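Biologist: Please put the model on screen. I have some questions about its side-chain contacts and its surface.

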Amino acid sequence: MAFEVMDEHEQGELVQKWLRENALSIVIGVGLGLLLIFGWQQWKTHRAMHQLEAATHYMALTDALEKKNYDVVNQAAQKLRDDYSDTSYAALAAMQQVGVSLSTADKDKDAAYKNMDWAYQHAPAELKELVGTRLARLQISTGKYQEALPLLDGLSKATTYTALVNELRGDAHVGLGHKDEARTAYAEALNGVDAGTPHRNVVEMKLANLGAKAEKQG
């Protein structure tokens, strides 16, 4: 008999019968649903607390940096590496350590390089390009020209720092004595720098030092 032709009593009996037969499945389904909702909320709470703890350690680091208490800076940075390497604060802390390494009297470039490399390897997507350009600049300043080029090639897909990447590529080629490649890289860098930008003069000077003139914009 079709459900719609039953009277109210028959329909009620049929519904109760279905509920009795499927009670266990309904209870399990509701229980699983509640567990999933509870688990998701717990996970979100854990992630929020994790980020908050990392931010607290990073604030302690910046306070210590302002006071030039470099031991505390390095301790806070190590804590972030050990327990919060999945947050952006760990990479930012490593970048702050680079500044510390280069601010000391003996300018420990090896330590600076290791810290920047760690920051690059662990940087989240939103920081990857920025840290990559900093690492390439450090490589070039320490004579690691050949190492800088593949890193810069990997950053070429980025759009935010295209002009800077091309300028650094030019610097690396200059270091290797590749004048033609350097001219091309600087010319491409200028294509991404507005005429009124003060830094454009720096790139034009680099190009001029290679015996080439920049094309006028507009």
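Predicted model: local features only at pLDDT ≥ 70, side-chain atom pairs only at ≥ 80, totals over all residues.

Biologist: Is aspartate 180 buried or exposed?
Modeller: The cut-off for exposed is over 50% relative accessible area. Aspartate 180 has 52% relative accessibility, so aspartate 180 counts as exposed.

Biologist: Which helices hold glutamate 167 and lysine 206?
Modeller: Glutamate 167 and lysine 206 form a salt bridge with an N to O distance of 2.6 Å. The pair ties together parts 39 residues apart in sequence, because the two residues lie in helix α7 (residues 162-176) and helix α9 (residues 199-209), respectively.

Biologist: Which residues are linked in a network of salt bridges?
Modeller: Glutamate 167 is buried, at 6% relative accessible area. Its salt bridge to lysine 206 belongs to a network made up of Glu167, Asp171 and Lys206.

Biologist: What is the accessible area of the nonpolar patch on the surface?
Modeller: Leucine 34, in helix α1 (residues 8-66), is exposed with a relative accessible area of 54%. Leucine 34 is one of the patch residues, and the others are Val15, Trp18, Leu19, Ile26, Val30 and Ile37. UniProt, in an unreviewed entry, places a transmembrane region at residues 23-40. Together the patch residues have an accessible area of about 660 Å².

Definitions and conventions
Residues numbered from 1 in each chain as written. Heavy atoms only, no water. UniProt positions renumbered as here; feature names shortened; annotations may be inferred. Patch = residues over 30% accessible without salt bridge, like charges linked within 9 Å, V, L, I, M, F, W, Y side chains within 5 Å. Areas by Shrake-Rupley, 256 points an atom, 1.4 Å probe, with all protein chains shown as cover. Salt bridge = Lys/Arg side-chain N within 4 Å of Asp/Glu carboxyl O. Helix = DSSP H or I, 4+ residues; strand = E, 2+ residues; numbered from the N terminus. Buried < 20%, exposed > 50% of the residue type's maximum accessible area, 1.4 Å probe, protein only.
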